[in-house]
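Work through the exercises below with the coordinates open, and try each task before reading the solution that follows.

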Amino acid sequence: MKLYVARHGQTDYNQQKKFYGSSDVPLNANGRKDAAKLADKFEALPLELIVTSDLKRARQTARTIIATPGKR
């Protein structure tokens with residue numbers, strides 16, 4: 001078994017260099033592009049399980065990976 005670890009895409013707080021810890025902020029436009037690029041990299045990998053926090057930015061990134069063709 002292999003374990004892949006990834007960070008969520010960019011948020012407005014990331015861009016503004018703000019510390020936000022567990023503040024529930026969504027991905028921004030660049031973050032959605034980041035997530036799509038990450039999904040492309042995972043497309044050919046046999047993912048059995050995706051685990052994420054309950055924060056919007058993490059869930060949005062995971063959903064993008066799941067929605068990539070071949071991962072449904």
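**Exercise 1.** Determine whether H8 is buried or exposed, and find what its side chain meets.

*Solution.* At 18% relative accessibility, H8 counts as buried, because the class takes in values under 20%, with exposed set at over 50% and partly exposed in between (1.4 Å probe, protein chains only). The model is a predicted one, in which local features need pLDDT of at least 70 and side-chain atom pairs count only at pLDDT 80 or more, while totals for chains, interfaces and linings use all residues. Residues are numbered from 1 along each chain as its sequence is written, and side-chain values use heavy atoms, with hydrogens and water left out.

Leaving out residues up to four places away in sequence, H8 touches N14, Y20, R57, A58 and T61, a contact being heavy atoms within 4.5 Å.

**Exercise 2.** Which residues does T11 touch, not counting residues up to four places away in sequence?

*Solution.* Begin with the position: T11 also belongs to the segment before α1 (12-15). Its relative accessibility is 0%, and T11 therefore counts as buried. With residues up to four places away in sequence not counted, T11 touches Y20, V25, P26, L27, N28 and R57.

**Exercise 3.** Identify the aromatic pairing and explain which parts of the chain it ties together.

*Solution.* Rings of Phe, Tyr and Trp (its six-membered ring) pair if their centres lie within 6.5 Å, with planes under 30 degrees apart called stacked, over 60 edge-to-face and the rest tilted. By this rule the count comes to 1 aromatic pair. Y4 and F42 form that pair, which is edge-to-face at 5.7 Å centre to centre and 75° between the planes. Because Y4 lies in the segment before α1 and F42 in helix α2 (residues 29-42), the pair ties together parts that are 38 residues apart in sequence.

Technical notes:
Helices (H or I, at least four residues) and strands (E, at least two) are DSSP runs, numbered from the N terminus.
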